[in-house]
Structures are given as C-alpha cells and as structure tokens.
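Work through these exercises with the structure open beside you. Each has a task and then a solution in steps.

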Amino acid sequence: MAFALEITDLKKTYPGGVEALKGISFAVNEGDFYALLGPNGAGKSSTIGIIGSLVTKSSGKVKIFDIDTDGNNEQAKMMLGVVSQEINFSQFEKVIDIVVTQAGFYGISKSEALPRVESILKRLGLWDKKDVQARTLSGGYKRRLMIAKALVHEPKLLILDEPTAGVDIELRREMWTFLKEINENGTTIILTTHYLEEAEQLCRNIGIIDGGKIVTNTGMKDLLGSLNVQGFVFDLDSPLSEAPEIEGFPLKLEDPLTLVAAVNKDRSINALFEKLSEKGIKVKSMRNEANRLEELFIEMVKK
Amino acid sequence: MKKNFSVSTALWTLTIKEIRRFLRIWIQTLVPPAVTMSLYFVIFGSLIGPRIGSMDGFDYIQFMIPGLIMLSVITNSYNNVVSSFYSVKFQKSIEELLISPMPNWVILLGFVLGGVSRGILIGCIVFCVSLIFYPDFTVANPPLTILVLVLTAVLFSLMGFINAVFADSFDDISIIPTFILTPLIYLGGVFYSINILPDMWRNISMANPMLYVVNTFRAGMLGVSDVSIYFALGMIFSFIGILTGSCLYLLNKGTGIRQ
C-alpha cells in the first residue's frame, strides 16, 4: 500500500538554536486516520508546518503520495489540505468568498468551485451564513469554515491541527461524524489534538511525539492493548458510604453511586462481579473509563 | 481532486481579491486622494497659482497636474501593497497562499497587480478632478504617459511589497512612506521645476529618484522635462528588475513569512 505521507529524518532548528525536531521518521498509510499526539512544544506544529510549507525544514525528506515536496511541490500541494490551529482567513470577507477564493488559489475557477463550495458549506452547516462577514461567526463556525477551506480542492490527505480546540461538545461530535465520513470516502486524515478521547474515538494509528522525537508509532488497538490496567466505572443500585475492600481489585468510590475499579489485565472481571455480589453490592451498569489513552500518553511522555 | 493546477486562475483569483479589498474600503482608499487633490488644486492652483505665474512655460496649475497625479499613484500603489501584504501576514491568511500550489512569482504578481490597479485608478480619479479645475488640459504624449503611469505603479508596488516582507508591526509599514517616500516625492519636482533652484540644490535634487519618475510623467503629459527621458526610463526599468529579483529572493527564502 502506498504511503499518503512519508517523513524521513526530519529536523528543524529554529533561529536561536531551539531544536524542535531531532530527526523524526514516520509514515501514514493511504486511507488511514492517524493521530499525531504530543505535549505542548513537542514538535507537532513544526511537523505540520513543514508538511504544509509554512515552516522551512533544516533537513530530511517529506513525501506526499510518493511525491517529494522538495522536487514537485505544486503536485504535492494539490493533494494536501491543512486546517491550521489558528484562524487564518481574512475576517472581513464573506464566508462564500473566502472558500471560493481558496479554490481559486488551487487553480479552480469560480464556476467550477461554486457547486463544490455549496455542497461543503451545506454539509458543514454554513450555507445559511454564506453571505455574512467571517468576523461575525462564532468560534465553532470559524472552525467549520477552516475545514471547508481545506476541503474545497478535494485533497487526498487532510491534516487537522487541533480542529476541535475550544469547540463545544455537540459541535465536536458533529465534526467527528463529518471527519469519519470523509475518511470513509477515501481521504487520509492526520489529526493532532489535546483531547485524547477524540484520538481514541477516531484514529486507527497513532504517533506520539515528545521533545522533537517520535516515542511511539503504532496501531491504536495495539497501543491500548499494551495497557496493563484498565479502568471500569460501575453505576450502583444503592449508595455506599465507602469503597469496599476486595483483594486484587483496587476500588475507589467517586460518589455514593459510582464505583471505579482498576482491573489488571491478567484478572477476570467476572471475579470482581462475584466478589461485589458476595458483598451485596448490585451493579446497574458498567462502562470503560474513557481515559485509557490518557494514561498511556502520560506514561510515554514522562519517560 | 483537480489534477492540473491552473496558474492563470490562481493569479486571477489573487488579483481580483486584492482589487476587491481596496474597492470594499473605498471610503479609505479612493475618496481621500480625490479630496486632498481637490484642495491642492483650489489652494495652489486657483488661489496661489495665478500669483506664481508660469512654470516652464505652463500655467502653474497645469504644471502641477502631472506631479500631483504621480504623487497619488506612488503613495497609493505603495500603500496598497504594503498594507495588504502586511495584513495578510498579521491575520495569518498568508498561510492560505503558502499552503496552496501557487508559485512565488504568482503571489508577487497578484499583489503587484492589486497595487497597480489601485495606483492607476487613483491616477485617473485625480486626472478627472484636475479637469474640473483646468478643463483645457490636453495630454502631449499619451503612450508615454500611460507607460510611465504603469511602470511607476509597478515600481512602487514592488517597494511596498519589500517593506511589508520586513515589517513586524503596523509602525513599520508607515515609517518608510512617512519619513522617506513622501519627502522625496515632495522634493522631487511635484510643485516646481528644479531649474528654479540654485545650482547646489539642483545638483542634490538630481540624486532624488522621484525626480526622474515625476519628470518622465510630466514629459508624457506636458512634453517638458528637467531630465533625460531615456535615462529616466532606463532607471525605472532597472529598478523594477532589481526589485522584482529581490522580492522573489525574499519569497523563496521565506523571509518574514516562513519560520
């Protein structure tokens, strides 16, 4: 399978000597939904900046669908869409003009772009606002506009740098659905985010970058599978005053009706249920603790 | 996905975007030069002009018209590009251009064409205003006039672009127009012929590049000039060449726009 993105020994040292990237290498398969995670200052935005020609690399190779961005930048750029972290459109223009102009920058004429722009704006819930000045849009709508802009030339590789930062939960979920949909339609997506739940929900593969180095690059399932302890949340039938003590299963009472258990990988959850039953504790429902990736992430960037 | 990138569509898009920008804020861009120049014509042309008498054999107001048109073209071409490109940097919408497949020469040409369009439009507005005060004005050499008008707008658009590339604040985009460009234009023969100056000041004035631009344009409109037209045109073309090369070098290097 071809790589949508292939990065080899990429280095970036900023004027002043800050070494943001210390020779990172990773590849993203065509059709993948890939999470690039890392703490602030890890090198994520530098990497994305170099891919999108916003940052000049110090050395290394970047290939987009096997096209070296050094040699044939124009062809590589035609296949790339980038949603930057910060708002980067002219705030004084109308929504529709911003997207049509962006299409024009990719050599798409207005007549050719208009039907496509209409479809994207409708899909992102922006069509009703097409004639308003962008500066009057709320934060969430500005984010949608950024995505519309990046998609107007139908890129095969879409990179989103924290697209849901500062966006409310409802809109975030809507964006997830939208991104899943375009990924299913064949667009390779690379996502950076601070919401690890977002990466866990959406991405199949994951790279974690820290201190300018890739510390892990693997499948999401494999990574989560490497967790030795999993957290489970039990909703209880009747309230408890304190967490029961059960050998081998550390338990914590979050509130009188919510019990959280840390279950080791080599232990059976059935055993825990049996012990809870023996103590007369009835469980109404159970769910996974949502911070599995968070635990791993913290563990990895601590190393 | 569109496979082939159309350079002409991209250039057209950027140019139209630039023209739309200055037309959208016409109160700030088109009206002030018309008002200011009307005042110049009233005060220096109609009220003081008759007392001054003739300059190089022309009525003073007639002599002043090419100079004032050039003054407007130079400042507006320069200001259009410097403010537009700096705003694009400031608002980070430069990223739209850098991420796109547009070659650097298209980005430069798009901004320059925006500046040239505004410069020429303002030049035409000021000329129309001048006709209110001096309806008998006739252009001596229309092809030369148009050529110099366009070349001047190109030259100062390029200068504005370089200023914007290096600008880090809004102060930086007003320092050069205020403290360098405007004094040089005013002392470059907009209001007088350098023949009326003492020898020393005339020689010093010959080192002012604005003198060549203003006088070449005056040669086109009135048929008289204080300097050699061929030399002046040669200088203008040379500067355009050097500045174009410099702008492309800065863009390719990413100065002021790429980290």
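**Exercise 1. Describe the second largest pocket of this predicted model.**

Solution. 
- Step 1: start with the volume. The second largest pocket holds about 650 Å³ of space.
- Step 2: find the lining. It is made by 31 residues. Nearest the pocket's centre lie B:Arg21, B:Ile25, B:Gln28, B:Thr29 and B:Ser83.
- Step 3: look for the elements behind the lining. Helix 1 (7-24), helix 2 (26-29), helix 3 (31-47) and helix 5 of chain B each give two or more residues. Helix 5 of chain B has the largest share, with 10 residues.
- Step 4: sort the lining by class. There are 11 nonpolar, 14 polar and six charged residues.

**Exercise 2. Which elements give two or more residues to the lining of the largest pocket, and which gives the largest share?**

Solution. 
- Step 1: take the volume, about 770 Å³ for the largest pocket.
- Step 2: go to the centre. Of the 34 lining residues, A:Val55, A:Glu86, B:Lys92, B:Glu95 and B:Gln259 are the closest to it.
- Step 3: name the elements. Helix 1 (44-51) of chain A gives two or more residues, and so do helix 5 (60-90) and helix 6 of chain B.
- Step 4: pick the largest share. Helix 1 of chain A supplies it, with five residues.
- Step 5: check the classes. This lining has 14 nonpolar, 11 polar and nine charged residues.

**Exercise 3. How many cavities of 30 Å³ or more are there, and what lines the largest cavity?**

Solution. 
- Step 1: count. There is one cavity of 30 Å³ or more.
- Step 2: give its volume. The largest cavity contains about 90 Å³ of space.
- Step 3: list the lining by chain. Chain A brings A:Gly81, A:Val82, A:Asn88, A:Gln102, A:Tyr106, A:Met146, A:Lys149, A:Ala150 and A:His153. Chain B brings B:Glu95, B:Glu96 and B:Ile99.
- Step 4: sort by class. Five lining residues are nonpolar, four polar and three charged.

**Exercise 4. Describe the contact between chain A and chain B.**

Solution. 
- Step 1: count residues. Chain A puts in 36 and chain B 26.
- Step 2: take the area. The two chains bury about 2,900 Å² between them, with 55% of it on carbon and sulfur atoms.
- Step 3: find the main contributors in chain A. A:Leu54, A:Met78 and A:Phe105 supply 24% of the area that chain A buries against chain B, more than any other three residues.
- Step 4: look for charge pairs. Three salt bridges link chain A and chain B.
- Step 5: examine A:Lys149. A:Lys149 forms a salt bridge with B:Glu96, and their closest N and O atoms are 3.0 Å apart. Both residues also line the largest cavity.

**Exercise 5. Which strands stand at the edges of the open sheet in chain A?**

Solution. 
- Step 1: write the order. Four strands run 2-1-4-5, with antiparallel pairing.
- Step 2: read off the ends. Strand 2 (19-29) and strand 5 (67-68) of chain A each have a single partner strand, so one side of each lacks a neighbour in the sheet.
- Step 3: Strand 1 (residues 3-13) of chain A pairs with strand 2 of chain A over eight bridges, in the antiparallel sense.
- Step 4: locate a bridge. A:Leu5 has A:Val28 in strand 2 of chain A as its bridge partner.

Definitions and conventions:
Residues are numbered from 1 along each chain as its sequence is written. Chains are lettered from A and ligands numbered from 1 in the order in which they are written. This is a predicted model: local features need pLDDT of at least 70, side-chain atom pairs count only at pLDDT 80 or more; totals for chains, interfaces and linings use all residues. Side-chain values use heavy atoms; hydrogens and water are left out. On a 1 Å grid over the protein atoms alone, a cavity is a set of points where a 1.4 Å probe fits but cannot get out, and a pocket is an open set with protein on both sides within 12 Å along at least five of seven lines; lining residues have an atom within 4 Å of a point. Grid points are joined across faces, edges and corners, and a volume is the space filled by probe spheres set on the points. Ala, Val, Leu, Ile, Met, Phe, Trp, Tyr, Cys and Pro count as nonpolar, Asp, Glu, Lys and Arg as charged, and the others, Gly among them, as polar. Two strands pair if DSSP finds at least two bridges between them. Contact means heavy atoms within 4.5 Å. Buried area is the accessible area (1.4 Å probe) that two parts lose on being put together, summed over both. A salt bridge is a side-chain nitrogen of Lys or Arg within 4 Å of a carboxyl oxygen of Asp or Glu.
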